[in-house]
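Subject: Handing over the structure

Hello,

Here is the structure I promised to pass on. Please open it first, and then read my notes alongside it.

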Amino acid sequence: SIESCLSQTHRNIQLIVVDDGSTDDTPDIVNSYDDHRLKYVSHDENKGLPAALNTGFANADGSYLSWTSDDNYYSQDAMEKMLSFLKTRKCHFVYSDFYRFSEKNPHDRRIVKLPDIAELNRENCIGPCFLYAREVRDAIGEYDPDTFLSEDYDYWIRVSKRFQICHLAEPLYHYRA
């Protein structure tokens, strides 16, 4: 996941790794990278995904925001394409299709095509690949820590009430199922 972020064709990025109280060798893995774009932040104890997201975004300096998990990865041009799409379409939030693959057979992947119109009143159809303008976060605020396991769905619903959400019909992410 770290490699996929740092090797983006759009080079002007900041990657914040939030270690949410892990007991593995996450600090050693992160410290093995010598890249000024990488910042490591650690919680002393596990606070859950919504709190980790809030910590990451509180430390972010960029004009556009996204997040990923440690077991998934972006296509090399994902950020470039989503950023270009946001600017061209003049929307504030973009989501894209993605590849789904299994741990058992990572080379056997299938494209998950998402709907062009996100009907969030029916289901969470945004998916794991997205990018949004900082003004979205400034207006919507933080992820709700009480929405663990539905933190993204809750956030997207709040976003959709105030901002245009656009679909980029191209798989730009690799999601491990």
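Which residues do ring pairs link into a cluster? Ring pairs join Phe57, Trp67, Phe93, Phe130, Tyr132, Tyr143, Tyr155 and Trp156. Before I go on, a word on how to read the numbers. This is a predicted model, in which local features need pLDDT of at least 70, side-chain atom pairs count only at pLDDT 80 or more, and totals for chains, interfaces and linings use all residues. Residues are numbered from 1 along each chain as its sequence is written, and side-chain values use heavy atoms, with hydrogens and water left out.

**Aromatic rings**

A pair of aromatic rings is described by the distance of the centres and the angle of the planes. Here, rings of Phe, Tyr and Trp (its six-membered ring) pair if their centres lie within 6.5 Å; planes under 30 degrees apart are stacked, over 60 edge-to-face, and the rest tilted. By this rule the count comes to 15 aromatic pairs. One of them is Phe130 with Tyr132: the ring centres are 6.3 Å apart and the planes lie at 20 degrees, so this pair is stacked. Phe130 is buried, at 2% relative accessibility, and Tyr132 is buried at 0% (buried means under 20% relative accessible area, exposed over 50%, partly exposed in between, with a 1.4 Å probe and protein chains only).

Tyr132 also pairs with Tyr155, this time in a tilted arrangement, with 6.0 Å centre to centre and 40 degrees between the planes. That pair links distant parts of the chain, since Tyr132 belongs to strand 7 (residues 130-133) and Tyr155 to helix 6, 23 residues apart. Helices (H or I, at least four residues) and strands (E, at least two) are DSSP runs, numbered from the N terminus. Tyr155 is buried too, at 0% relative accessibility.

Another ring to look at is that of Tyr99: the charged end of Arg109 sits over it, 3.8 Å from its centre. The rule for this is that NZ of Lys or CZ of Arg is within 6 Å of the ring centre and within 35 degrees of the ring normal.

**Strand 5 and its partners**

Strand 5 is mostly covered, with 8 of its 9 residues buried. Two strands pair if DSSP finds at least two bridges between them. Strand 5 pairs with strand 8 in the parallel sense over 8 bridges, and there Asp97 has Pro171 as its bridge partner. With strand 6 (residues 109-112), strand 5 runs antiparallel and is joined by 4 bridges; Phe98 stands opposite Val112 in strand 6.

**Pockets**

Rolling a probe the size of a water molecule over the atoms shows where empty space is left. On a 1 Å grid over the protein atoms alone, a pocket is an open set of points where a 1.4 Å probe fits, with protein on both sides within 12 Å along at least five of seven lines; lining residues have an atom within 4 Å of a point.

The largest pocket has a volume of about 1400 Å³, where volume is the space filled by probe spheres set on the points, and grid points are joined across faces, edges and corners. Its lining has 42 residues, with Leu15, Ile16, Val17, Trp67 and Thr68 nearest the centre. Strand 1 gives the most to this lining, with 6 residues. By class, the lining of the largest pocket has 22 nonpolar, 15 polar and 5 charged residues (Ala, Val, Leu, Ile, Met, Phe, Trp, Tyr, Cys and Pro count as nonpolar, Asp, Glu, Lys and Arg as charged, and the others, Gly among them, as polar).

The second largest pocket has a volume of about 290 Å³. Of its 17 lining residues, Phe98, Gly127, Pro128, Asp152 and Tyr175 are the closest to the centre.

**Two backbone details**

Most residues other than glycine have a negative phi, and most peptide bonds are trans. Lys90 has a positive phi, near 55 degrees; this residue is in the loop between helix 4 and strand 5 and is exposed, with a relative accessible area of 69%. Leu149 has a positive phi as well, near 80 degrees. Leu149 is in the loop between helix 5 (134-140) and helix 6, and is exposed at 70% relative accessibility.

Best wishes
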